[in-house]
Amino acid sequence: MSENAAQLLAQVQERIAKACAIARREPADVTLVAVSKMHQADAIVPLLEAGQRVFGENRVQEAAAKWPELKARYPDVELHLVGQLQSNKADEAVALFDAIHSVDRPSLVTALGKAMDKAVANGGRRVPCFVQVNVGAEEQKGGCALADLPALLDQAREAGLPVIGLMCVPPADIEPAPFFALLDKLARDHGLEGRSMGMSGDFETAIMLGATHVRVGTALFGSR
Ligand SMILES: *Cc1c(COP(=O)(O)O)cnc(C)c1O
């Protein structure tokens, strides 16, 4: 099993390297976030043993149950929240995660700003954030509307959130490249370095279009 994990990791890294070569980018400029949601420690440890250090979870509760123990064993792990966050879990999220990819509405910015102020007052730190954009204007999807992005970014800066980039999950079952290109343009327009985009099925395309963080689950863990 652990041999399998090492092989899957090597395959994904190879695919990242190839996409970077085509795009004339450095693989070091693309962070692989291994999305371990719905996988237990016994599936995660082999990837840790194979050297993977950046992981993503989509629920605070699930991450809080799994990761404190794993972080104690592998202290250099970086844990990213990639799923939607409820404002009432902001304190917990700030304590647990090293990056938050899903900042998408004013009430959450307010809650995270307060949570980070509190954390700093208690000797903790502010957590780097991505603002999630609903690039496909899908009704049920997380992410702020395109029109709301400038105001949300202003509010986030005022609230003391370190915003390092933008994030998107394009609509399913349609060519994602135009949405990645849109996120790249928005990030450039707002002077932001980070572009969290691309999952198992499309991370090469995302890298060609400027992804700095690819969020890969199935290609590393198998299907859930
Ligand atoms: C689950 C998830 C991923 C990983 O998706 P795969 O297709 O399994 O690679 C990436 N981003 C988010 C927000 C997710 O919830």
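Which elements do the buried residues of helix 5 pack against? They pack against helix 4 (90-96), strand 4 (99-103), strand 5 (129-132) and helix 6 (149-158). Buried here means under 20% relative accessible area, exposed means over 50%, and partly exposed is in between, with a 1.4 Å probe and protein chains only.

Ground rules before I go on. This is a predicted model, where local features need pLDDT of at least 70 and side-chain atom pairs count only at pLDDT 80 or more, while totals for chains, interfaces and linings use all residues. Residues are numbered from 1 along each chain as its sequence is written, and side-chain values use heavy atoms, with hydrogens and water left out. Helices (H or I, at least four residues) and strands (E, at least two) are DSSP runs, numbered from the N terminus.

Back to helix 5. It covers residues 106-121, which is 16 residues. From first C-alpha to last it reaches 23 Å, close to the 22 Å expected at 1.5 Å a residue. That expected span is 1.5 Å times one less than the number of residues. The buried positions in helix 5 are Leu108, Val109, Ala111, Leu112, Gly113, Ala115, Met116 and Ala119. After helix 5 comes Gly123, with a positive phi near 85 degrees.

Most residues other than glycine have a negative phi. Met38 has a positive one, about 65 degrees, and is not a glycine. Met38 sits in the loop between strand 1 and helix 2 (41-49). At 57% relative accessibility, Met38 is exposed. Asp173 also has a positive phi, near 60 degrees. Its loop runs between strand 6 (163-167) and helix 7 (177-189). Asp173 is exposed as well, at 84% relative accessibility.

Now aromatics. Rings of Phe, Tyr and Trp (its six-membered ring) pair if their centres lie within 6.5 Å; planes under 30 degrees apart are stacked, over 60 edge-to-face, and the rest tilted. The count is 1 aromatic pair. The ring centres of Phe55 and Trp67 are 5.0 Å apart and the planes are at 45 degrees, so this pair is tilted. Phe55 is in strand 2 (residues 54-57) and Trp67 in helix 3 (residues 60-73), so the pair ties together parts 12 residues apart in sequence. Both Phe55 and Trp67 are buried.

Stay with strand 2 for a moment. Glu57 is in that strand. Is Glu57 buried or exposed? Buried, with a relative accessible area of 0%. Contact means heavy atoms within 4.5 Å. Beyond its neighbours within four places in sequence, Glu57 is in contact with a list of residues including Lys37, Lys66, Trp67, His80 and Phe97. Glu57 and His39 are 18 residues apart in sequence and 9.7 Å apart in space, C-alpha to C-alpha.

Another glutamate: Glu138, in the loop between strand 5 and helix 6. Glu138 is buried too, at 17% relative accessible area. With neighbours within four places set aside, its contacts are Val169, Pro170 and Pro171.

Then a proline in a helix. Pro68 is found in helix 3. At 44% relative accessibility, Pro68 is partly exposed. Leaving out neighbours within four places in sequence, Pro68 touches Ala63 and Leu96. Pro68 and Leu96 are 28 residues apart in sequence, yet 8.1 Å apart C-alpha to C-alpha.

Last, pockets. On a 1 Å grid over the protein atoms alone, a pocket is an open set of points with protein on both sides within 12 Å along at least five of seven lines, and lining residues have an atom within 4 Å of a point. A volume is the space filled by probe spheres set on the points.

How much space lies in the largest pocket? About 680 Å³. It has 31 lining residues, and the closest to its centre are Lys37, Asn58, Val82, Gly83 and Val169. The lining divides into 12 nonpolar, 11 polar and 8 charged. Nonpolar covers Ala, Val, Leu, Ile, Met, Phe, Trp, Tyr, Cys and Pro; charged covers Asp, Glu, Lys and Arg; the others, Gly among them, are polar.

The second largest pocket has a volume of about 150 Å³. Helix 1 (2-23) and strand 1 (31-35) each supply at least two of its lining residues. Helix 1 gives the largest share, 3 residues. By class, this lining has 6 nonpolar, 3 polar and 1 charged residues.

Technical notes
1 Å grid on protein atoms, 1.4 Å probe; cavity = no way out; pocket = protein on both sides within 12 Å on 5 of 7 lines; lining within 4 Å.
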